[in-house]
Amino acid sequence: MKILYLSPLIPSLSGNGGKRAIYNHILNLDKPRIKIDVIMVDVNGSNDALPKFPENVKAEVFDRALPKALSSNIAKITALLVHFFNRLPRALRVINSRSARLSVEEALRKKNYDALVVDHLNSYGLIYNLDIPCPIIYIAHNVEAAVISDQILNMKFWDPMRILRWMDKIKVKKIESKICRQATAIVPISSADAEIEPISLYRDKVTIWPELPTIKSNYWKPNKEKCLLFVGSAKYFPNREAIEWLASTVIPELRKRDINIKLNIAGTSRDEMLPQFLTEGVNYLGFVSDLELENLHLNSTLFICPVILGGGIKIKLLEATSYGIPVVATLESLRGIDYLSDHAFRISRNNEMDIQAIADLLSDHHKLAQISRNTMSALNFKRKKRIALIEIIQNVVADKS
């Protein structure tokens with residue numbers, strides 16, 4: 001079987017959730033007699049080295065189509081003009097590289113692919129308005145229009161960017177509907193996303209493939225520390241809102257109960273935060289290496305994810321459970337992670353009740369160990385039960401032949 005695989009970024013073992021998810025998806029296709037051509041766009045302009053792919057994967061990288069909007073005044077003006085006169089939302093315009101599209105067209109013309117995988121909505125920018133001669137499998141990371149809606153709600157009413165985001169939302173909704181109509185199969189990586197339009201309108205095409213982490217060789221064990229861990233960049237608005245709540249409300253109140261309690265935040269540095277959130281007991285660690293991140297998971301007492309904005313599955317939670325560290329999270333953060341919802345310690349952001357519950361849990365080693373064991377057991381069961389991603393694609397191809 002030959003597969004053409006489209007990625008809107010350079011996949012990676014580390015970095016943001018999208019990078020890790022796409023890399024895991026490609027690895028899941030590493031099966032005998034499967035050949036994969038991957039066309040990806042360096043959306044971050046980072047020139048990062050490619051990760052180690054299986055031997056059956058041939059990868060090609062292209063530069064993004066537009067400069068970063070804040071890189072210069074000309075880039076800002078260009079971005080604004082294109083925003084008003086182009087029917088594609090910005091995220092897809094950035095991916096819509098002429099050279100990458102030409103490469104896709106040439107590959108489709110010269111090679112007889114059995115399937116084309118569009119991993120994440122943004123990848124659709126590479127085939128928008130193209131005639132595709134093979135089945136399209138759309139792997140949906142989020143319902144992007146719902147994410148933009150949350151972003152708009154979190155913006156100041158008088159913020160001029162609200163108008164631009166509203167315009168983007170309208171465009172995204174049209175594109176999401178278009179790809180769902182065109183796709184032969186839709187593969188949400190979260191059960192929650194399958195219930196949101198437009199995906200919910202195409203239930204006959206939907207196969208949920210739950211995103212699950214690989215269990216790490218090093219496991220978390222109960223310790224005497226009273227340390228919370230949050231992972232995420234404040235550049236992404238749901239993370240910033242959660243960090244601000246932790247730094248302004250949770251940690252000050254927890255430290256009134258026990259001065260030894262602290263919070264480590266990986267992925268956000270001090271200079272990214274306003275002064276009022278540089279709270280005593282909150283350590284902003286900025287970018288950390290994979291080894292440092294592993295040590296943070298293994299040596300913290302609790303992983304906390306109080307995110308309430310943004311759609312899609314929280315990869316940071318999946319990563320945390322792969323180490324076995326007990327998780328404290330909101331209902332919104334747990335949505336779509338079925339194996340974790342029954343075992344995570346749930347908070348509702350009712351400040352007084354949540355803070356006392358977290359303080360009690362930090363001292364309850366028996367309960368922490370029990371949460372860890374139950375979570376690992378549920379994850380193991382879910383991994384054994386999950387169908388392989390390649391099987392979903394093979395079934396689609398078999399049905400079409």
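D168 and R165 form a salt bridge (a side-chain nitrogen of Lys or Arg within 4 Å of a carboxyl oxygen of Asp or Glu), with their closest N and O atoms 2.9 Å apart. The model is predicted, with local features requiring pLDDT of at least 70 and side-chain atom pairs pLDDT 80 or more, whereas totals for chains, interfaces and linings use all residues. Residues are numbered from 1 along each chain as its sequence is written, and side-chain values use heavy atoms, without hydrogens and water.

D168 and R165 are both buried (under 20% relative accessible area, with exposed over 50% and partly exposed in between; 1.4 Å probe, protein chains only). Because they lie 3 residues apart in helix α6 (residues 161-182), about one helical turn separates them. Helices are DSSP runs of H or I with at least four residues, strands runs of E with at least two, numbered from the N terminus.

In the whole structure, 11 salt bridges are found. One of them joins the side chains of K111 and D37 at 2.8 Å, N to O. K111 lies in the loop between α4 (98-110) and β4 (115-119) and D37 in strand β2 (residues 35-42), so the pair ties together parts 74 residues apart in sequence. K111 is partly exposed, at 34% relative accessibility, whereas D37 is buried, at 16%.

In helix α7 (residues 237-257), E244 forms a salt bridge with R240, the closest N and O atoms being 3.9 Å apart. E244 and R240 are 4 residues apart and therefore separated by about one helical turn.

Terms used:
Expected span 1.5 Å × (residues − 1).
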